[in-house]
Amino acid sequence: MLGVKRTERVLPTGTSLTVVGEAIKDDVGTIRIQRPHKGPFYASSKSIDQLIVNLGKWAKLYRIASMGFATFGVFLLAKRALQHFLERRRRHELQKRVLNAAAQRQAREAEGSKGTSDAEPNSKKDQLVLDICVICLEQEYNAVFVP
């Protein structure tokens with residue numbers, strides 16, 4: 001909006017008026033109502049009780065809206081925490097599966113190589129514990145694609 005919108009009306013004599021502002025007495029003795037240097041200025045033909053009731057309705061609406069937003073925020077936090085927990089659990093289960101598969105593979109290879117003598121310690125087999133494919137759980141992986 002560009003500019004200032006101003007509305008002026010004439011009130012009939014005897015109309016009750018509620019004004020929030022600053023009252024000043026002139027040198028002549030006339031009381032004048034003006035906008036204060038700091039603070040609000042509000043003029044209405046409603047009574048002060050009607051204004052309070054109207055503000056009470058708005059306060060109730062804002063209270064309900066704030067409770068709704070708070071509930072939504074708690075929902076988002078709980079959802080994120082649950083996702084984090086489930087992801088950690090899935091990762092842990094996958095790691096257990098990989099380690100179990102590697103142990104089974106080492107056991108099979110140990111059974112197959114019992115007839116041959118091992119001059120070196122199982123350095124290659126120890127590396128394979130964490131270097132097996134997460135898809136087939138048997139072959140050594142060459143690359144990993146992380147989303």
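Predicted model: local features only at pLDDT ≥ 70, side-chain atom pairs only at ≥ 80, totals over all residues.
Let me begin with a term: a residue is called buried here when its relative accessible area is under 20%, exposed when that area is over 50%, and partly exposed in between. With that cut-off in mind, please look at Ser44, which has a relative accessibility of 10% and therefore counts as buried.

Ser44 is found in strand 4, and its side chain reaches the backbone nitrogen of Lys46 at a distance of 3.1 Å. To place that residue in the overall layout, the protein chain contains two helices and four strands, and if we read along the sequence the order is β-β-β-β-α-α. Of the 147 residues in the protein chain, buried residues make up 10%, and Ser44 counts among the buried ones because its relative accessibility is 10%, against a limit of 20%.

Let me turn to the strands. Strand 2, residues 22-25, runs antiparallel to strand 3, residues 31-34, and the two are joined by four bridges. Within that pairing, Ala23 stands opposite Ile33, while Ile24 has Arg32 as its bridge partner in strand 3. The two strands form a hairpin with five residues between them, and in the turn we find Gly29, whose phi is positive, at about 110 degrees.

Strand 4 brings us to the pockets. The largest pocket has a volume of about 650 Å³, and of the 13 residues that line it, those closest to its centre are Thr7, Glu8, Arg9, Phe41 and Ala43. Which element gives the most to this lining? It is strand 4, residues 42-44, which contributes three residues.

Is Thr15 buried, exposed or partly exposed? With a relative accessibility of 35%, Thr15 counts as partly exposed, because that value falls between the 20% and 50% limits.

Finally, the aromatic rings. A search of the whole structure finds two aromatic pairs, and I will discuss one of them, formed by Trp58 and Tyr62, whose ring centres are 5.9 Å apart and whose planes meet at 35 degrees, so that the pair is described as tilted. The reasoning rests on the angle, because planes under 30 degrees apart would count as stacked and planes over 60 degrees apart as edge-to-face. Both residues belong to helix 1, residues 48-112, and because they are four residues apart there, about one helical turn separates them. As for accessibility, Trp58 counts as partly exposed, at 43%, whereas Tyr62 is exposed, with a relative accessible area of 55%.

Note on methods: Residues numbered from 1 in each chain as written. Heavy atoms only, no water. 1 Å grid on protein atoms, 1.4 Å probe; cavity = no way out; pocket = protein on both sides within 12 Å on 5 of 7 lines; lining within 4 Å. Points joined across faces, edges and corners; volume = space filled by probe spheres on them. Buried < 20%, exposed > 50% of the residue type's maximum accessible area, 1.4 Å probe, protein only. Pairing = 2+ DSSP bridges. Phe/Tyr/Trp six-rings, centres within 6.5 Å; stacked < 30°, edge-to-face > 60°. Polar contact = N/O pair within 3.5 Å; in protein donor to acceptor, adjacent residues only side chain to side chain.
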